Amino acid sequence: MKKACCVFRIDDVHPAMDWLKFYRLKEILDKENIKPLIGVIPDNQDQSLQTDAVKNDFWALVRELQKGGWVVAQHGYQHLYVTKESGILQINERSEFAGLSYAEQEEKIEKGKNILEGHGILTDIFMAPAHAYDKNTLKALKEKGFHYVTDGYTRYPYEMMGLKFIPCMHVLCKKVKGITTCCIHSNSMNETFAQTIEDFIRKNRRFMMDYRKAMEMPCRRAILQNERYFISINKLRRSKAASVLRKYLK
Ligand SMILES: [Zn+2]
């Protein structure tokens with residue numbers, strides 16, 4: 001097993017996304033035979049993510065990608081932020097889940113899961129919108145049969161509350177260390193960034209790994225990160241998040 005590896009995750013995949021950009025990213029990954037994780041929103045109601053007309057064969061495409069080795073995660077339920085909670089990771093002050101009661105969260109997770117299953121998509125990995133989840137989210141995920149969460153400030157996978165976390169801290173990192181998840185929102189990707197991704201892959205080809213393989217990497221005691229480059233959070237909040245996570249991992 002490689003000590004350091006790099007995987008890709010694509011957020012906000014749904015029937016009315018920007019298809020031109022998604023296919024541009026898919027072309028880049030296919031060229032290098034990299035199989036990413038995609039976060040599929042079961043019932044997207046987030047207007048800010050609606051770019052194109054609904055793609056009628058969307059679910060057939062997701063099934064096809066899954067069959068081809070791409071990993072599909074349930075990305076929340078409707079992608080609507082209903083609280084201002086940032087949950088365990090403290091990245092964004094908005095959430096579809098964190099701050100809600102266990103019953104409310106369980107219901108949303110179940111509704112989303114039922115939609116995916118209705119389209120023939122089975123998955124046991126969860127991607128929380130805005131990286132925001134709390135203890136109730138994790139309890140409900142476990143109850144609903146999930147085994148994995150894509151998120152966390154560590155170098156290697158770790159276990160918490162009966163779930164395995166595959167860390168995700170970067171958009172594109174400077175140096176691949178441990179398991180590095182590159183978190184890409186294809187909807188907002190422009191051609192310059194597409195080329196940056198291509199260059200990044202070329203430079204780090206030896207680290208590239210399919211997401212499914214990374215999920216098999218053994219858990220380690222969490223090594224908390226103090227890297228400079230987690231783009232969406234400032235220093236203060238990152239150290240706060242690290243201390244919160246340290247508390248949870250006790
Ligand atoms: Zn999202």
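**View 1. Strands E6 and E7 form a hairpin.** In E7, leucine 163 is the bridge partner of methionine 160; strands here are DSSP runs of E with at least two residues, numbered from the N terminus, and two strands pair if DSSP finds at least two bridges between them. The model is predicted, with local features requiring pLDDT of at least 70 and side-chain atom pairs counting only at pLDDT 80 or more, whereas totals for chains, interfaces and linings use all residues. Residues are numbered from 1 along each chain as its sequence is written. E6 (residues 158–160) runs antiparallel to E7, joined by three bridges, and methionine 161, in the hairpin with two residues between the strands, takes a positive phi near 50°.

**View 2. E7 also pairs with E5.** Strand E5 (residues 148–150) and E7 (residues 163–166) are parallel over three bridges, and valine 149 has phenylalanine 165 as its bridge partner.

**View 3. Eight strands make up an open, mixed sheet.** The order is E6-E7-E5-E4-E3-E2-E1-E8; E6 and E8 (179–184) stand at the edges with a single partner strand each, so one side of each is left without a neighbour in the sheet. Within this sheet, E3 (residues 71–75) and E4 (residues 125–127) run parallel, joined by two bridges, and histidine 75 stands opposite methionine 127.

**View 4. Surroundings of valine 7.** Leaving aside neighbours within four places in sequence, valine 7 is in contact (C-beta atoms, placed from the backbone, within 7 Å) with residues including Pro36, Leu37, Ile179 and Tyr211.

Notes
Helices (H or I, at least four residues) and strands (E, at least two) are DSSP runs, numbered from the N terminus. Two residues are in contact if their C-beta atoms, placed from the backbone, lie within 7 Å.
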